[in-house]
Amino acid sequence: LLLLLETTLLWLASGFHRPFYNGFYYNHIMNDKDNGQEKVDYFNGARLVVETPKDPVYSFNGANVTLPCHYHHEPDLEVKRKIRIKWSKLRDDYTKEQDVLVAIGKTYMAFGDFRGRAHLHRTSRHEASLIISDVRLQDDGKYRCEVIDALEDESDVVDLRLQGIVFPYQPPRGQYSLNFHEAEQVCQEQGAILATFNQLFQAWTEGLDWCNAGWLADGTVQYPIRVPRKPCGGLHLAPGIRSYGLRDQHLHRFDAFCFSSTLRGEVFYLDHPAGMTLEEAKQSCQDAGAEIARVGHLYSAWKFLGLDRCNAGWLADGSIRYPIVKPRPNCGPAEPGVRSFGFPRKGRFGVFCYKER
């Protein structure tokens, strides 16, 4: 057994096989001459520098966005070199990366959900910027731009933030009835995704105050409090994000905090003198060339399009809600927001419809 172990370690140390990564071979010889003969260049005496913007790059759902990244050598190198570029998407805690794009020379490959949407933007010799087309809600986050030149490997991070809104969500069956995977599903059904901690924190700075705990995308359970009170952690705690930490994704049950971005269409209201049942409301939207709006659609229209309607209407999940930008008598509380009447089993109301542009 000892002999076998020693033999295995010697074989691994010999470098018999090349390391393999996503269809691109990386070896210790990173540059070659024009005639195809390999030239070993272990250290060139120049320092590789990678630069990205320190401020976040903002975009929105359905847009195209460029994540800037440039590199250079100090001192500058006159010889043209074959540079490797790799883009990855990071988790908030930097513990895991999702492959986005790898490029060697003029050849590049995008991966996963970024296939067909991720491209390099190289208008100058030392540019390695990433273009993401048709931005999706899941694209929000931090991206690493990594440049590899021979044995040198340097990187920097770009923060992409989507303009959006976080809203708490409870399903028809009531409070604290969702495990983590069900929370992911209900947010998707409402035209949204589970919010990240950064998105929830941003919403808290903008005034979100909610005493019910909800799942976030990282599997933690938290809730934002602007006004401390006894049922919400106690009067002695300062305002902030209350955290239950990581919870069992199958066993524990809470609400959800969903994140939706700007819309690719419009939300409009339809009414009938006698009101409509939920099924009649769905049909009315279809007759108008639209679909019944989801909760995420209504929140986005309220925040980004200024939708203000003091008439309650059906939404796709069977809830009754209405958006108020300018509070006024007989339209709910004194603060702007999306009002909810819950999930009535009976009743006749108007309907909010959503139509893509």
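A disulfide is a pair of cysteine sulfur atoms within 2.5 Å. The model described here is predicted. By that rule it has five disulfides.

## Disulfides

Take Cys 211 and Cys 232. Their sulfur atoms lie 1.8 Å apart, so the pair falls within the 2.5 Å limit. The torsion about their S-S bond is about -120°, so this disulfide is left-handed. The bond links distant parts of the chain, with the two cysteines 21 residues apart. Cys 211 sits in the loop between helix 3 and strand 18. Cys 232 sits in the loop between strand 19 (220-225) and strand 20 (240-246). Cys 211 is partly exposed, with a relative accessible area of 24%, whereas Cys 232 is buried, at 1%.

Another disulfide joins Cys 310 to Cys 331. Cys 310 lies in the loop between helix 5 and strand 24 (313-314). Cys 331 lies in the loop between strand 25 (320-324) and strand 26. The pair therefore ties together parts that are 21 residues apart in sequence. Cys 310 counts as partly exposed, at 28% relative accessibility. Cys 331 is buried, with a relative accessible area of 3%.

What do Cys 187 and Cys 258 tie together? Cys 187 belongs to helix 2 (residues 180-189) and Cys 258 to strand 21 (residues 255-261), so the bond connects parts that are 71 residues apart in sequence. Cys 187 and Cys 258 are both buried.

The table sets out these bonds.

| Disulfide | S to S distance | S-S torsion | Handedness |
|---|---|---|---|
| Cys 187 and Cys 258 | 2.1 Å | about -80° | left-handed |
| Cys 211 and Cys 232 | 1.8 Å | about -120° | left-handed |
| Cys 310 and Cys 331 | 1.9 Å | -115° | left-handed |

How are the bonded cysteines paired in sequence order? Numbered that way, the pairing is 1-2, 3-6, 4-5, 7-10, 8-9.

## Salt bridges

Side chains of opposite charge can pair when their charged atoms come close. This structure holds 15 salt bridges.

One of them brings together Lys 303 and Glu 206, at 3.1 Å from N to O. Lys 303 lies in helix 5 (residues 295-304). Glu 206 lies in the loop between helix 3 (197-205) and strand 18 (214-215). The pair therefore ties together parts that are 97 residues apart in sequence. Lys 303 is partly exposed, with a relative accessible area of 33%.

Helix 4 (residues 278-287) holds both Lys 282 and Glu 279. These two form a salt bridge, their closest N and O atoms being 3.8 Å apart. Where do they stand along the helix? They are three residues apart, separated by about one helical turn. Lys 282 counts as partly exposed, at 26% relative accessibility. Glu 279 is exposed, with a relative accessible area of 55%.

Glu 280 meets Arg 348 in a salt bridge of 2.9 Å, N to O. Glu 280 lies in helix 4, and Arg 348 in the loop between strand 26 (337-340) and strand 27 (350-356), so the pair ties together parts that are 68 residues apart in sequence. Glu 280 counts as partly exposed, at 35% relative accessibility. Arg 348 also counts as partly exposed, at 43%.

Salt bridges also link Lys 86, Glu 97 and Arg 144 in a network.

An open sheet of six strands has the order 6-15-14-9-10-11. Its pairing is mixed. Which strands form the edges? They are strand 6 (57-59) and strand 11 (107-110), each of which pairs on one side only. From one strand to the next, the twist averages 25°.

Within the sheet, strand 9 (residues 84-90) and strand 10 (residues 97-104) run antiparallel. Seven bridges join them. Lys 86 stands opposite Val 102 in strand 10.

## The nonpolar core

In soluble globular proteins, nonpolar side chains tend to be buried together. The largest nonpolar core here has 84 residues. Which members touch the most others? They are Leu 67, Trp 87, Ile 132 and Phe 352. Helix 5 gives this core its largest share, five residues.

Conventions: Residues are numbered from 1 along each chain as its sequence is written. This is a predicted model: local features need pLDDT of at least 70, side-chain atom pairs count only at pLDDT 80 or more; totals for chains, interfaces and linings use all residues. Side-chain values use heavy atoms; hydrogens and water are left out. A salt bridge is a side-chain nitrogen of Lys or Arg within 4 Å of a carboxyl oxygen of Asp or Glu. Helices (H or I, at least four residues) and strands (E, at least two) are DSSP runs, numbered from the N terminus. Buried means under 20% relative accessible area, exposed over 50%, partly exposed in between (1.4 Å probe, protein chains only). Two strands pair if DSSP finds at least two bridges between them. Axes are lines fitted to C-alpha atoms, for helices over the stretch in contact, and angles run from 0 to 180 degrees between N-to-C directions. A nonpolar core is a set of buried Ala, Val, Leu, Ile, Met, Phe, Trp, Tyr and Cys residues joined through side-chain atoms within 4.5 Å.
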